[in-house]
Amino acid sequence: TFTYTLEKPENVKFTIYNVQYQVVDRIQLKQGKGVQNVQWNVGGLPTGMYYFRIQVGDKIESGKM
């Protein structure tokens, strides 16, 4: 689950990658102001490390999970 706060309504884009940096999922949402939660359903993917990238407007954050 990703939890974050938006200062205003925004388009939010998540991209999830495997360890070979292949895209395994994309999530695009239009969300309102305030605290937001997005749950990523693994959907039968193998266990292991994955990387995420979240883009809100012109801001981009990334990390591993």
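Among contacts in the protein between residues at least 6 apart in sequence, 51% join residues at least 24 apart, where contact means heavy atoms within 4.5 Å. This is a predicted model, in which local features need pLDDT of at least 70 and side-chain atom pairs count only at pLDDT 80 or more, while totals for chains, interfaces and linings use all residues. Residues are numbered from 1 along each chain as its sequence is written, and side-chain values use heavy atoms, with hydrogens and water left out.

**View 1. The protein as a whole, with its six strands.** The protein has six strands and zero helices, and from the N terminus on its elements run β-β-β-β-β-β. Helices (H or I, at least four residues) and strands (E, at least two) are DSSP runs, numbered from the N terminus. Taken along the principal axes, the C-alpha atoms fill a box of roughly 35 × 20 × 15 Å. Of the 65 residues, 31% are buried; buried means under 20% relative accessible area, exposed means over 50%, and partly exposed lies in between (1.4 Å probe, protein chains only).

**View 2. The open sheet of four strands.** The strands of this sheet follow the order E3-E2-E5-E6, with antiparallel pairing, and two strands are said to pair if DSSP finds at least two bridges between them. Strand E3 (23–31) and E6 are the edge strands, each of which pairs on one side only. Neighbouring strands of the sheet are turned by 15° against each other on average, direction ignored; here axes are lines fitted to C-alpha atoms, for helices over the stretch in contact, and angles run from 0 to 180 degrees between N-to-C directions. E2 and E5 run antiparallel and are joined by six bridges, and Val12 stands opposite Val56 in E5.

**View 3. The hairpin of E5 and E6.** E5 pairs with strand E6 (residues 59–64) in the antiparallel sense over six bridges. The two strands form a hairpin with two residues between them, and Gly57 in the turn has a positive phi of about 60°. Across this pairing, Val56 stands opposite Lys59 in E6, and Ile54 stands opposite Glu61 in E6. In a regular strand the side chains alternate between the two faces of the sheet.

View 4. The structure holds five aromatic pairs, counted when rings of Phe, Tyr and Trp (its six-membered ring) have centres within 6.5 Å, with planes under 30 degrees apart called stacked, over 60 edge-to-face and the rest tilted. Phe2 and Phe14 form a tilted pair, 4.8 Å centre to centre with 35° between the planes. Because Phe2 lies in strand E1 (residues 2–6) and Phe14 in strand E2 (residues 10–17), this pair ties together parts that are 12 residues apart in sequence. Phe2 is buried at a relative accessible area of 12%, and Phe14 is buried at 1%. The rings of Trp40 and Tyr50 have their centres 5.7 Å apart and their planes at 65°, so this pair is edge-to-face. Trp40 and Tyr50 both lie in the loop between strand E4 (34–38) and strand E5 (51–56), 10 residues apart, and both are buried. One aromatic cluster is formed by Phe2, Tyr4, Phe14 and Phe52.

**View 5. The nonpolar core and the surroundings of Tyr4.** The largest nonpolar core has 13 residues, and those with the most contacts inside it are Phe2, Tyr4, Val12, Phe14, Ile16, Trp40 and Ile54. Such a core is a set of buried Ala, Val, Leu, Ile, Met, Phe, Trp, Tyr and Cys residues joined through side-chain atoms within 4.5 Å. E1, E2 and E5 each supply at least two residues of this core. Leaving aside neighbours within four places in sequence, Tyr4 is in contact with residues including Val12, Phe14, Val35, Val38 and Ile54.

**View 6. The salt bridge of Glu10 and Lys8.** The structure holds one salt bridge, a term for a side-chain nitrogen of Lys or Arg within 4 Å of a carboxyl oxygen of Asp or Glu. The side chains of Glu10 and Lys8 meet in this salt bridge at 4.0 Å, N to O. Glu10 is buried, with a relative accessible area of 18%.
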